[in-house]
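Thanks for asking me to look this one over.

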Amino acid sequence: MKKIAIVVGLVLGLAACGDHDEAYYMKHLNKAQDMVKNCEKRLDNARKKGGEKGVALVENDQACIAAQKALDQAALDQEMEHFSEIEARLEREHGEKNWQEVLSVYDAMACNEAATAHEKVECNAFNKLVKNAKIEGKKVLFEENLDNLYRHEHQFCGKNPTESTLCQLWKDVRDEKSYEMLTPLSLMELQAIHPQFCAESHAATADCDIWKRVWKEKNNLAVEQYKQDRALFISGYNRCVDRMAKIEGNSGLTATEKRNAKRKIRETTPCSQIEAAFIEKGMGSSTNFGKHIGE
């Protein structure tokens with residue numbers, strides 16, 4: 001038994017020695033370089049043979065990954081030693097530019113695609129200028145009213161809106177100003193301008209998303225109020241019943257017109273919120289507001 005344990009221990013020990021991690025390679029960069037070269041040769045041979053399994057085997061080799069990560073980190077550490085110098089140079093080159101120009105330069109740097117250590121440190125060093133440019137840009141854009149902001153969309157996003165920093169800043173301000181404009185409105189007022197924000201032709205636009213956000217917040221608040229305030233709920237519910245009865249008693253309407261009118265009452269404020277409260281209070285799965293309650 002002891003002999004077997006010793007043999008197993010030796011096997012595990014050998015396996016551990018051959019399975020180095022990133023920390024090991026950070027201390028032995030020459031070995032990391034040798035490992036990466038070896039991995040590149042293996043990968044090249046696997047690709048020549050055309051076997052996907054062989055390629056995947058090399059690409060997922062943990063020793064290869066660890067060695068490459070160690071070299072990448074070492075290169076990044078070396079570049080970071082010159083961070084202050086790089087930051088000062090970028091300040092000299094771009095510090096006098098206006099906020100739009102700074103953000104355009106940042107987009108041209110394609111920092112999301114930065115691959116080399118030098119590119120990553122350059123992008124990192126440019127962040128201070130970018131942060132200040134965003135603050136200044138947001139301040140300027142917020143001074144515009146929403147209509148003017150939309151008129152300038154092309155200036156910031158071009159014909160085909162992209163996810164550029166400049167365009168994203170414009171979108172952020174547009175959304176905040178839309179939210180700021182809609183928040184003070186009541187549910188009925190929001191309901192009245194729904195077509196303006198969510199017409200079928202542009203129902204997926206940001207405007208509609210903001211309208212839906214504000215509507216949901218106010219709708220949930222109204223439903224909760226009806227749930228908590230019994231007197232408010234009963235009086236509101238009975239008013240909806242009276243509206244339904246008035247439609248039903250209108251002899252000038254056809255059966256279809258009555259049905260459509262009743263559906264509109266149930267789907268609009270305040271009866272839609274009252275019905276939601278009715279359901280959440282456990283009073284039923286729906287209601288047609290057929291008779292008064294609480295009397």
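1. Rings of Phe, Tyr and Trp (its six-membered ring) are paired if their centres lie within 6.5 Å, and planes under 30 degrees apart count as stacked, over 60 as edge-to-face and the rest as tilted. Helices (H or I, at least four residues) and strands (E, at least two) are DSSP runs, numbered from the N terminus.

2. A word on what you are looking at. This is a predicted model, in which local features need pLDDT of at least 70 and side-chain atom pairs count only at pLDDT 80 or more, while totals for chains, interfaces and linings use all residues. Residues are numbered from 1 along each chain as its sequence is written, and side-chain values use heavy atoms, with hydrogens and water left out.

3. Now the overall picture. The protein chain has 17 helices and zero strands. Of its 295 residues, 31% are buried. Among contacts (heavy atoms within 4.5 Å) with a separation of 6 or more, 65% are between residues 24 or more positions apart. The chain exposes about 19,200 Å², and carbon and sulfur atoms supply 52% of that area; the areas come from the Shrake-Rupley method with a 1.4 Å probe, and for residues only the protein chains shown count as cover.

4. Back to the aromatic rings. The count comes to eight aromatic pairs. Trp99 and Phe156 are a stacked pair, because their ring centres are 6.1 Å apart and their planes are at 20 degrees. This pair links distant parts of the chain, with Trp99 in helix 7 (residues 99-108) and Phe156 in helix 10 (residues 153-157), 57 residues apart. Tyr237 and Phe289 are also part of one aromatic cluster, together with Phe233 and Phe278.

5. Two charged side chains are worth a look. The charged end of Lys281 sits over the ring of Phe233, 5.0 Å from its centre. Arg213 lies over the face of Tyr179, at 4.0 Å from the ring centre. The rule here is that NZ of Lys or CZ of Arg is within 6 Å of the ring centre and within 35 degrees of the ring normal.

6. Which residues of helix 3 are buried? They are Ala32, Val36, Cys39, Leu43 and Ala46. Viewed down the helix axis, the buried residues fall within an arc of 90 degrees, so they line one face of helix 3; the arc is that of the directions from the helix axis to the C-beta atoms. Their cover includes helix 2 (22-27), helix 4 (52-59) and helix 5 (62-80). On the other side of helix 3, Asp34, Lys37, Lys41, Lys48 and Lys49 are exposed. Helix 3 (residues 29-49) has 21 residues and reaches 30 Å from first C-alpha to last, close to the 30 Å expected at 1.5 Å a residue, the expected span being 1.5 Å times one less than the number of residues. Just after helix 3 comes Gly50, with a positive phi of about 75 degrees.

7. Helix 17 has seven of its ten residues buried, so it is largely enclosed by the rest of the structure. The buried ones are Cys271, Ser272, Gln273, Ile274, Glu275, Ala277 and Phe278. They pack against helix 12, helix 14 (206-228), helix 15 and helix 16 (255-267). Gly282 follows helix 17 and has a positive phi near 80 degrees.

8. Please check the backbone at a few places. Most residues other than glycine have a negative phi, and most peptide bonds are trans. The peptide bond from Thr269 to Pro270 is cis, with omega near 0 degrees, and Pro270 is in the loop between helix 16 and helix 17. Ala110, in the loop between helix 7 and helix 8 (117-142), has a positive phi of about 50 degrees and counts as partly exposed at 31% relative accessibility. Phe289 also has a positive phi, near 55 degrees, and is buried with a relative accessible area of 1%.

9. Last, a pair of individual residues. His94, in helix 6 (residues 83-94), is buried at 13% relative accessible area. Leaving aside neighbours within four places in sequence, His94 contacts Val102, Val105, Phe126 and Leu129. Ile193 lies in the loop between helix 12 (187-192) and helix 13 (194-198), and touches Leu182, Leu185 and Trp211, not counting residues up to four places away in sequence.

Note on methods: Buried means under 20% relative accessible area, exposed over 50%, partly exposed in between (1.4 Å probe, protein chains only).
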